[in-house]
Amino acid sequence: MRAIRSAAVLILAAMVLAAGPLPAQSGDEGIRVSATATPLQVPQNRTAVVTIRLEWAGDLNRYEILKFDNPLVENLDIIATASSNRVQVIGGVQMARRESQYTVRPDGLGMAYVDGIVIRYTDKTTGQEYRLTTSRLELKVIDPLPEPGSYLWLVLLLAALGAAAVTWVLVRRIRARRAEATRLAREQQQQQISLEEKYSLRLKEEVDLHQPELDVSGSFARLSGVLRRYLAEKYSLPLISATTAQVRGLMREAEADERAIDDTLAILEQADIAKFSGAAPQRSELERVYTILESMLGSTSR
Amino acid sequence: MNIDIQAIQARIERESAFVDKITAEVSKVIVGQTYMVERLLIGLLADGHILLEGVPGLAKTMTVKALSAAIKTNFQRIQFTPDLLPADIVGTMIYDMKNSTFSAKKGPIFSNLVLADEINRSPAKVQSALLEAMQERQVTIGDTTFPLPAPFLVLATQNPIEQEGTYPLPEAQVDRFMLKLSVGYPERAEELEIMRRMTSVELPEAKAVVTPQEIINARRAVHEVYIDPKIENYIVDIVFATRRPKEYGLDELADLIAYGASPRASIYLNMAAKAHAFLRRRGYVTPEDIRSIAMDVLRHRVIITYEAEAEEISAEDVVRKIINKVEVP
């Protein structure tokens, strides 16, 4: 029961809404007048359209509509007017419609009003004259919308920046790819020679035993430097900042071969004497330790 | 430059002969503590005063006494207390009734070896009196200046705990000590031996086996130990790394060091390294000597910041990082 009552209320509400705006006051049952404005909230830099519509059943000539003035407006300017007549058949009934449209532009922010207008007409069949009054309309004038062209420069600037950023990213990627390719190529090239080969070459570069005027003391320093760097790289040990006495312990910790440890210490101890004792080292000693290091680099494989 | 390394080596061998004797005598009394004994000898040979820091009962005083007993020399122990006066150390003028004149009464500082026990228990004026005498190697009493005997070595001890009622040595005063030793606990086996030895009927005693002249001769030999420019640069690198750590790839230490080591650190590193080489019977200094002695020379000369203290990073941690980073020549 309750559900039926609710359904009836809903149907009634739907019918009221479908009927559209309430008709203006009329002396004749056969004619209806309505006044609408679209939109009801209008930006200050836009226009709204006010429509006065008259509708009746029957022929368009059934009534004679007397000329009426433009509506009085407040905070609005009428910038254009238009009118139209139309006849159509709706549900088997011929309907005549006459519309007058006023395009209005707001003057300032706030509320704007379109006053009701009085429409007088004559029923030609009876010769009786009637009058109708449209309802007063109110519109709300809101902040102006940005004009389509006003931010064009900003859009263009953003587009340019975007394009520049994309270009920059692309260039960076290309460069990074090239650098990576170069690095890989270099690594491949380096991998082709072993650690021992690399340091053998370095030893030959640092100490040239064929030189007749060889700086023996300096050669000892360079030779021990090559050995320290080789062992540091091979065993990942901090041998650059370690003393000769510490080297033994560090190499033992790294589980280096005992013979390699002995050879290393033999070279470093001899190099220490040559480097720090102030005595002029013998070339023959240099050649001896050079041979030991050479054989270390030759016999060990990675 | 051609150095007669063989002549230097021969002299070192000759002059360092007493080292074994003195070490043997000290080890009759002291078990272990080889690090402390060696550093005391370095101080003796390099003519640098030593500050010993360690908790009570680690044989700091006994080691110094044993060392002085092994040398035919004068030894004085001064127990620093809050009511000690400068005159109690350096001496004073006393009135001679017989001659009606004032005469100087020399204090206990007029000795070859002076043990300043618990130096931080006395106020600043007493510490200053001692430290001035250490620096100048002379004492003025009244209007007369007296030179201190040679060799003259001050060995001061301080206790890192019980800081209440102490007068910590200012940085400028601490800088006058060549070495600051951090004395640690003995090993288990050593502790066992200490217990047995000290509870026996006869307490061991060290006998005098070295004369002061032998020490003075050894000091001259220490001065002759060759130090190569590469090693000198290594010393300067280490000291500079305490001042400008960023230049040595130690960026993380920049905010931890308030003040780096003074030039006195370079001088003492050089001297102590020579003495270290001498004790190894070597006529030249190697990086090993520098690394071995660097911590004792630098730990009291690097002043850390509050940030470092907040992060519980000590001056020793900072010095260790520097030594491990600076490239060996």
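Chain A holds 7 helices and 11 strands. Helices (H or I, at least four residues) and strands (E, at least two) are DSSP runs, numbered from the N terminus. The model is predicted: local features need pLDDT of at least 70, side-chain atom pairs count only at pLDDT 80 or more, and totals for chains, interfaces and linings use all residues. Residues are numbered from 1 along each chain as its sequence is written, while chains are lettered from A and ligands numbered from 1 in the order in which they are written.

Of the 302 residues in chain A, 21% are buried. A buried residue has 20 or more other C-beta atoms within 10 Å of its own, an exposed one has 12 or fewer, and a partly exposed one falls in between; C-beta atoms are placed from the backbone. Contacts were also examined by separation along the sequence in chain A. Two residues are in contact if their C-beta atoms, placed from the backbone, lie within 7 Å. Among contacts between residues at least 6 apart in sequence, 67% join residues at least 24 apart.

Four strands of chain A were assigned to one sheet. The 4 strands form an open sheet in the order S1-S3-S7-S6, with antiparallel pairing. Strands pair if DSSP finds at least two bridges between them. Strand S1 (31-38) and strand S6 (76-90) of chain A are the edge strands, and each pairs on one side only. Neighbouring strands of this sheet are turned by 15 degrees against each other on average, direction ignored. Here axes are lines fitted to C-alpha atoms, for helices over the stretch in contact, and angles run from 0 to 180 degrees between N-to-C directions. S1(A) pairs with strand S3 (residues 48-57) of chain A in the antiparallel sense, over 8 bridges. A:Ile31 has A:Trp56 in S3(A) as its bridge partner.

Helix H4 (residues 216-235) of chain A contains A:Phe220. A:Phe220 is buried because 25 other C-beta atoms lie within 10 Å. Residues up to four places away in sequence aside, A:Phe220 touches A:Ala271, A:Ala274, A:Lys275, A:Pro281 and A:Leu286. A:Ile267 lies 47 residues from A:Phe220 along the chain, and their C-alpha atoms are separated by 9.0 Å.

Chain A also touches chain B. The contact takes 14 residues from chain A and 21 residues from chain B. On the side of chain A, helix H5 (244-253) and helix H6 (258-276) are the elements that give two or more residues. H6(A) gives the most, with 3 residues. The residues of this side divide into 7 nonpolar, 5 polar and 2 charged. Ala, Val, Leu, Ile, Met, Phe, Trp, Tyr, Cys and Pro count as nonpolar, Asp, Glu, Lys and Arg as charged, and the others, Gly among them, as polar.
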